[in-house]
Structure formats: C-alpha cells, structure tokens
Amino acid sequence: MCGIVGYAGRRPAAPLLLAGLQKLEYRGYDSAGIALLTPEGVRVVKTAGHDGVMAMEILAGQIDRLPAEATTGIGHTRWATHGRPTDNNAHPHLDTAGEFAVVHNGIIENYLPLRARLREAGCVFQSETDSETVVHLLAHYYRGDLAEALRRTLADISGSFALVGMCRHHPGQLVAARRNAPLIVGAGAEGDFFVASDIPAVLTETREVYVLEDGEMAVVSDGAVSFSDFAGTARAKTVMRVTWDAAAAEKGGYEHFMLKEIDEQPRALQDTLYGRVNRSGLVDLGIRAEFFAGVERVALVGCGTAYHAGLIGRELLEAWAQLPAETAIASEFRYRRPLLDEHTLVVLISQSGETADTLAALHEARKNGARVLVVTNVVGSTAAREADEVLFTWAGPEIAVASTKAYTTQLEVMVLLALYLATARGRLAAEYSAALLAELQALPAKITEILSRKEQLRRMAVPISRAGSAFFIGRGLDWAVALEGALKLKEISYIHAEAYAAGELKHGTLALVTADTPVLAVATQRALYDKTLSNVEEVKAREGRVLAVAASDNRELGDAADEVFWLPPVSDALAPLVTIVPLQLIAYYAAVLRGNHVDKPRNLAKTVTTE
Ligand code: M6R
C-alpha cells in the first residue's frame, strides 16, 4: 500500500507532484520522495519520517532543493514492506549512473536473484528494497527506447506492481505498467499528463482518467499517451470521467474507510500469508529457530481488538503446540506482576505498534528477561523496533478507527505461529498442518463470497440499530469472536453491546433479555453446536430476538433463530477468520443507519499513545 504520482507536461512538476502525494498520504506515509528530470540527470529528494515529523512534512520542506523549472517527474509515498522505512529505502530509486528513476507499488517476488545478477553486472544498490531492482533492469536493457527497456524489464520480474519510470534522455516521457496493483493516467487540460496509483492524486487537476488493466503499459510522451500490452501490442482505451468528490475518491469510491477496509480483507490475508509457507509446505516465519528454543510458556498481550486476536492465539497454541499460554490485556499486564522469565515468550499484538499500554507491557517483559515477539502492521513502529523478533501483518494502512483487516491478519499470524510451534515441537501431524495451510490459502475466496452477501447483513443490522442494548454469545473460539463483534458494534454504533460465553448468560445476564434486546449468536464450533443451541432456546423462551452467524451444517439453528447468516464451509480452528466478517458488517450497517461518524467514532483515536 503505497502511493504513486507522475507528471509530464509544461508546468513546474515539483509542486504538482507534492500536492498529488499529499492526497495519497492515507495509502502509506512512512517515507516519501520526488525525482525530477533535468538535462544533467535525475534530481531526487526523499526522506523517511524523523523524530516524530511525518515524511511528507519533511519532503515539503525540502522541495525547494529541486529545480523549479523541471516539468517531468515522479513521486512516491511509501508504506514499508521490503526494507525498513529509511531515507535510502524511500522511492524514487535511481540506477547506478543516476539517469533513470522508478517508483513502484507492490512486491517484486524474484528480487533476490535479480539483485544478485545485477550486482554481478556492476550495478550499485543503494537500498534494501525489492523495488530498486526495477530501475537497474531498466537501465540495463536501455538501448535508446525507454518503452522497449520497460518491456524487457517486465519480462524479468514476477510479483505485483504498479510502476512508473523515466530517463534523462527522454524529457517529457513517462513509462508505466501494472499487474495486480492499481494505476491510472489522468489527462490534464493543457496536454499534460499524470500517472498515479489512485484517482485522488489527480483530481484537483483533471477528472479525465484512463484506468490501466493488469498486463497493460502506458507511455506518456510529447503531450500524448499510448497504451499497449506487455508485448507491445497497442490497446485502445476509453477515457472515464470521474464524478466523485475528492474526499470520496480517497476512499476509492467507498462511503467509509471502514467498509473499504472490510472489503480489502481477502487481499490483506493473501499478502500476510505470502512467503510464509516454504517449498516443503511448512510454515516459515523468517525467524531463526533458536529464538523459540526452550520456550515453556507464552503470554499474548494487546489491547482491544489486538487482545481479542490474542485470545484466539492462546487457544490455538494450547491446542496445537501444547504450550501453556495466557492472554493478557496490556494495561493490566505489568501491574499484576506477571510470572515471566527467559523461558517465557511474550507475544505483543498491536496494529499500530505505538499503543502506550502495549509498549509498557513490552518493557515489563524485557525487564523480566522474557523473549519479545511483536505482531504489528507498521514497519518502523516503536514496538517493531524494540522487539527481539517481529511478525508483520501486511494489511496495508488501516485508517478507520474500528480495526477490521488488521484483526483478520493478526488472526492469520496467530494461526501461522501456532502451526510453526506445533510443528517445531513435534505435536502436530504434518498432514493436518498441510491441510490447514491449504485451507488458509482458500480463505480469501470464502471471505469474498461473504462480502457478496452484504444485503442480508444490512437487513440484519436494522433491528440492532434500533436497540439500546445487544448481547453476543458463543462458546470456545466463537466466544472470542463474539467479544470482537461486540467491540465493533459498540465503538461505532454507540449501542451497548456485551459478549458472553453462551453458557454464562443464564447466570445473571438473562434477566436483561427482552424482546427489545437482540442476541447475536455465533455458532461455528461443531463440538459445541448443541450447547449453543440450548442457549439460543433459552433466549427465545424469554422472547428475545436471536440473529445468528453460523456454520452451514448447523441447520438446527435455522429453526431456532430468527435469522441466520450462513458461513461458507470452514474448519473449526479457522472459523474466526471468516466469522468476524459478517459481524464487522452488521456493526458497520448499524452505525450507518444511526447516522454516526463511522470512521472517526466519538471519544476514540486510532492510536492510543496514553496509558
Ligand atoms: O494499534 P493497536 O492494535 O495496539 O490498538 C489497540 C486498540 O486500541 C485497538 O485495537 C482498538 O480496540 C480498535 N479501535 C478496535 O476496533
């Protein structure tokens, strides 16, 4: 999740590129840069954020170092994947002679062998990124025709990309290509052109855009644009007129970031899994095995949604790896003097990696000699920097305060960690692990199928949106998911919501259940169907309204509940990753129906940096 802007025209490029990048900051913001073409070569300024100052702010202050008269350039705002967020790793990247520049979104999967080959050919690399290989390839293949050099480059690279390149010898020219990452060309009024990863970057300049398809290239040159496939066969494209306003466009046409982020979950799960299963079909966390040697117990620590992910992690670690595990709320952890020593693995879970309570827990763990593994979504965050080892979730920037794709990717990392430790400890049959990994790979498609049935969830949200209070019930892993479902509902709809282990309802809370109190039952755990069904019957006997999210073979629930959202087939252990999606959407629609500020709910902040 990074942002790209390119410009070729007659106006000074630097301010146009900066303005475009500022519109894309929501896509990634740990570093940013701009390169301009001059007759002498490429001039570049790029920077990571430093000392609490955002990269874009620093870049804006450095823009006057660039030649004001340059009219061709490219810019980038980065969300680090390969390589830390540093000045050198920021884009644009230049070739060894400083004549070519490239910006890239996505992942070049075969960058390691390419880099080795290019180094042998004399290329000098300045960064740790996969992206830099592209600019060296471009220079390597250049024989006077930049578009041809790009075509040869594309034949060498695998992975996903949206990329834009330029060369000192071709003033006024930009070459661009896409595969599995968005890219558009905006046609300005004065024969000038923009190339961008997202429409918001160009919207103040033009509403006329061409949307590139996967496998297409664009060449902007001398006030014209042409399109082709990667083999060079011309493609005719029609211009599209954008009618959204700028704010909506930042959300890619979505009304709210939260809905966009819910929809991004299939991709986020794919990205998080990518590269973590080795050729032997085993989990590869990219962490040396010695780090886990001698671990006797695990403490999973986080706040809010991250804590809920830890609850699932605990169950899986105990079930598969047979490691004693506990889950702790970070703000409680250090005050209850947890039993920690060098045999304890503390797994800190934090989307932002900046939550004060979680960082305090990290320091407590460190003080007591425990090993610290951080699960975070933000490369370069404090938690990532202070950890002994890190597992990144590759969800991309999460903007909505209500966490969605960060949670599902945290769950995926929990599954991977538990499988890894189970295998390392010889506690899990290889076939079982292989079957689970295969199923994990198939989950994005199942979530996509759930997302295609939003209309039912919108309908189920109607009675909830009118209630003053709601209960969520479930057993085992379903209970942990119920806790997260209730948190989603309360934080954005402002409806009082509580999650109960289904068997606990009758020990007091049932007194609160009336016809006006919807109860959301989660029922995916096969061994517990009957028990949960009995609890649903208890609610029905009190005239409660029961809405359920259930496994497709739990048919008896269909008769007992008022309405059921049926899940696609999924094993018990992986069910939380799909079960949460309808609950996120029910919360979302309930909040929309109540007219709330979905993305920025009252009293809350995305990152909580106070204890
Ligand atoms: O950035 P973190 O994961 O450490 O944040 C922890 C919680 O503040 C966060 O998950 C919060 O509960 C979400 N807003 C819930 O949607």
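The shell around the ligand draws at least three residues from each of domain 2 (260–449) and domain 3 (453–593). These bounds come from an automatic or database domain assignment. The model is predicted: local features need pLDDT of at least 70, side-chain atom pairs count only at pLDDT 80 or more, and totals for chains, interfaces and linings use all residues. Residues are numbered from 1 along each chain as its sequence is written, and side-chain values use heavy atoms, with hydrogens and water left out.

The assignment also gives domain 1 (3–244). The C-alpha centres of domain 1 and domain 3 are 47 Å apart.

**The ligand site**

There are 14 residues around the ligand. A residue is near a molecule if one of its heavy atoms lies within 4 Å of it. Ser 350, Gln 351, Ser 352, Thr 355 and Glu 491 come nearest. By class, the shell holds 5 nonpolar, 7 polar and 2 charged residues. Here Ala, Val, Leu, Ile, Met, Phe, Trp, Tyr, Cys and Pro count as nonpolar, Asp, Glu, Lys and Arg as charged, and the others, Gly among them, as polar.

Helices (H or I, at least four residues) and strands (E, at least two) are DSSP runs, numbered from the N terminus.

| Residue | Part of the residue | Ligand atom | Distance |
|---|---|---|---|
| Thr 305 | backbone N or O | oxygen | 3.2 Å |
| Val 401 | polar backbone atom | nitrogen | 2.9 Å |
| Glu 491 | side-chain N or O | oxygen | 2.3 Å |

On its own, the ligand has 410 Å² of accessible area, and the protein covers 91% of it. Such areas come from the Shrake-Rupley method with a 1.4 Å probe.

**The sheet**

Now to the strands. An open sheet is formed by 8 strands, in the order E3-E2-E4-E1-E10-E9-E11-E15, with antiparallel pairing. Strands E3 (41–48) and E15 (240–241) are the edges, and each pairs on one side only. Two strands pair if DSSP finds at least two bridges between them. Strand E11 (residues 208–211) and E15 are joined by 2 bridges in the antiparallel sense. Val 209 stands opposite Met 240 in E15.

**Aromatic pairs**

The whole structure has 10 aromatic pairs. Rings of Phe, Tyr and Trp (its six-membered ring) pair if their centres lie within 6.5 Å; planes under 30 degrees apart count as stacked, over 60 as edge-to-face and the rest as tilted. Tyr 210 and Phe 227 form a tilted pair, 5.0 Å centre to centre with 50° between the planes. Tyr 210 lies in strand E11 and Phe 227 in strand E13 (residues 224–229), so the pair ties together parts that are 17 residues apart in sequence.

**Backbone details**

The peptide bond from His 91 to Pro 92 is cis, with omega near 0°. Pro 92 sits in the loop between strand E4 (72–78) and strand E5 (93–94). Gln 322 has a positive phi, near 50°, though this residue is not glycine. Gln 322 is in the loop between H9 and strand E17 (325–329).

Notes:
Polar contact = N/O pair within 3.5 Å; in protein donor to acceptor, adjacent residues only side chain to side chain.
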